[in-house]
Amino acid sequence: MATTIWKTVLAPTEVQTIEVPAGAEMLCAREQLEAICVWFKCDPEQAKEKRTIRICGTGHDAPTFGNAWRFLGTTFLEGGQLVFHVFERAQ
């Protein structure tokens, strides 16, 4: 099957595991309708694999940088009053 772009809505929690088709390429994290979402490019017919996502509020502890976590994007909820930064644990 052709590569497509999919979206997953994240839970409002600091660390979570999501399932995506194997080999999915994370593109970005943004807000949509007051929810934090990640978009990724994938082949939907691939077996599922687990990915670890971390959401950090501005002023809160951030994951150790370097090669351990990849920044996906910043989201703004409640009219910009809440700002969150989304990371994926490196494979």
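Tutor: Let us begin with a term: a strand is a DSSP run of E with at least two residues, and strands are numbered from the N terminus. Please bear in mind that this is a predicted model.

With that term in hand, we may turn to the largest pocket, which has a volume of about 240 Å³. Its lining is made up of 16 residues, and those that lie nearest the centre are P12, T13, I36, I55 and F84. Which strand gives the most to this lining? The answer is strand 5, with 4 residues. Strand 5 spans 48-57, and both this strand and strand 4 (35-42) supply at least two residues each. Sorted by class, the lining consists of 9 nonpolar, 3 polar and 4 charged residues.

A residue in contact with I55 also deserves attention: Q16. Q16 has its place in strand 2, residues 15-21. Is Q16 buried or exposed? Its relative accessibility is 11%, and because buried means under 20%, Q16 counts as buried. The side chain of Q16 reaches the backbone nitrogen of A11 at 2.9 Å. Beyond its neighbours within four places in sequence, Q16 is in contact with residues including L10, R51, T52 and I53.

Finally, consider the loop between strand 3 (25-32) and strand 4, where L33 is found. L33 is not a glycine, yet it has a positive phi of about 55°. With a relative accessible area of 83%, L33 is exposed, whereas Q16 is buried.

Notes: Residues numbered from 1 in each chain as written. Predicted model: local features only at pLDDT ≥ 70, side-chain atom pairs only at ≥ 80, totals over all residues. Heavy atoms only, no water. 1 Å grid on protein atoms, 1.4 Å probe; cavity = no way out; pocket = protein on both sides within 12 Å on 5 of 7 lines; lining within 4 Å. Points joined across faces, edges and corners; volume = space filled by probe spheres on them. Nonpolar A, V, L, I, M, F, W, Y, C, P; charged D, E, K, R; others polar. Buried < 20%, exposed > 50% of the residue type's maximum accessible area, 1.4 Å probe, protein only. Polar contact = N/O pair within 3.5 Å; in protein donor to acceptor, adjacent residues only side chain to side chain. Contact = heavy atoms within 4.5 Å.
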